[in-house]
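This briefing is for a reader new to the structure. Please look over the sequence and the model before reading on.

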Amino acid sequence: LHANPVRRAYTRKCSGDIASALLDAARTVKRLTGGRKLVGAFFGYLHTNGQQDMARVIASPDVDFFASPASYKFRAAGMAAPLQASLTASFGLHGKVFYEEADIRTLYARTEEPYRMKDMFESLNAIRRSVGFSLAGGRELWWFLLTGNDSFHDERLMEAVRIGCEENGRALEGAPDRYADVGVFFSPDDFTSCSQTPCEPLCRDLRYSLFRTILPFCGVGHDAYLLSDVTHPDLPDYKVYVFPNAFELTEEQRAAIKRLVRRKGKSAIWIMAPGYYRNGTGNAANVTDLTGIGIAENYPVAEGRYSRTFAVTDPAGATKAQDGWKSIYLTKPPQRDELVAALREAGAHFWTEPGDIVAAGRGYLTVCAASDGVKRITLPERSDVTEIYGQVPVRKDVLSFEDRLRLGEVRVYRIGEAR
């Protein structure tokens, strides 16, 4: 499951050195300024080698905030615009502020990148998308004129920014602590330096595809954390826990995961080989111990996408109800329809049908249309619904409603209790 051990050790060393240099610089700033200055870093990029030592940096008292832009390849109209620092829930859990650097290439940008917005419609909705994701994800925004000082020089664009700023102020004062009902726990270390190794397909499927083209389109709200956060005492409660690559766990982490998922009404979705490595030894029995499902492995595999495969041997199958909780096992990295089926089986709330981009949490729902058509939104309980940009009338005491959206169009809904 891991890359070549020499390459892995080398990349871990590089990541550790980079983290140490960053923390040394942060400590120096704090010391020289008597602690009067805030220190921030562009760090935690999930798809960048050299930034795997995230847990140590996030835990440092010398770094106050973190930032990243959205992925450049996936920010066109109708795309998910996932942040390069994907595990944003971890920052808040550790008391850090996180900013999206909204360096949006509007129609006024002086560049011709493929992700430049073609017209006013795309530019407005790119701004609304960033605002909506910020509200639902509990993170902040700054607007960056990377491609010319006139990038936002239009009353319509600035009005969208103004409304977003006003709503963020409202959220700071009183947004409810209602989180998404799906928590995703990912280890940035399991695929270090996988490029040009047998692990590369696994790296691409679990690190790149999952956060860019699968999870955002499933129709559920989710928060993404470092795997190590399973032991954090202030971790919010979730209905569904997803473990894409929990291949190597400490005994403390293994025990914490069992405590989290083995409760009444909870579900766990495991992918491929959770808990496979234990005390330096890897085998399928370790997977069975964690999941409660009988698993067998096949290694080496002569042909196929992965060098090691797994199969379910449990008579109950890959979905198993166990003492009030449910264990759902996926033998390989899922395609979108496979993950959707697992989330439905787990009892996750689907705000929309899969296919469009959804961000939900903290009293907000953001929907970004990946296709033209009528979108049916279903709430977990009867509520009032206000679209913050006034694109549709306020809805009172509703459980579901429909809106027609064009590809790339964004709606940001404030969800309140029915009055």
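The model is predicted, so local features need pLDDT of at least 70 and side-chain atom pairs count only at pLDDT 80 or more, while totals for chains, interfaces and linings use all residues. Residues are numbered from 1 along each chain as its sequence is written, and side-chain values use heavy atoms, with hydrogens and water left out. Helices (H or I, at least four residues) and strands (E, at least two) are DSSP runs, numbered from the N terminus.

**Helix H7**

- Helix H7 spans residues 251–261, and its buried residues are Gln253, Arg254, Ala256, Ile257, Leu260 and Val261. Buried means under 20% relative accessible area, exposed over 50%, and partly exposed in between (1.4 Å probe, protein chains only).
- Seen down the axis of H7, these buried residues fall within an arc of 165 degrees, so they line one face of the helix. The arc is taken from the directions from the helix axis to the C-beta atoms.
- Glu252 and Arg259, on the other side of H7, are exposed.

**What H7 packs against**

- The buried residues of H7 pack against strands E7 (240–243), E8 (267–271), E9 (277–278) and E14 (325–330), and against helix H8 (284–291). Contact means heavy atoms within 4.5 Å.
- H7 and H8 have axes 10 Å apart and pack at an angle of about 35 degrees. Axes are lines fitted to C-alpha atoms, for helices over the stretch in contact, and angles run from 0 to 180 degrees between N-to-C directions.
- From H7, Arg254, Ile257 and Lys258 meet Asn286, Asp289 and Leu290 of H8.

**Largest pocket**

- The largest pocket holds about 500 Å³ of space. On a 1 Å grid over the protein atoms alone, a pocket is an open set of points with protein on both sides within 12 Å along at least five of seven lines, a cavity is a set where a 1.4 Å probe fits but cannot get out, and lining residues have an atom within 4 Å of a point.
- Its lining has 24 residues, with Gly137, Gly138, Arg139, Glu140 and Arg362 nearest the centre.
- H3 gives the largest share of this lining, five residues.

**Cavities**

- There are four cavities of 30 Å³ or more, and the largest cavity holds about 400 Å³ of space.
- The largest cavity is lined by 24 residues, and Ser86, Thr88, Arg139, His222 and Ala359 are the closest to its centre.
- E15 gives the largest share of the lining of the largest cavity, four residues.

Notes. Grid points are joined across faces, edges and corners, and a volume is the space filled by probe spheres set on the points.
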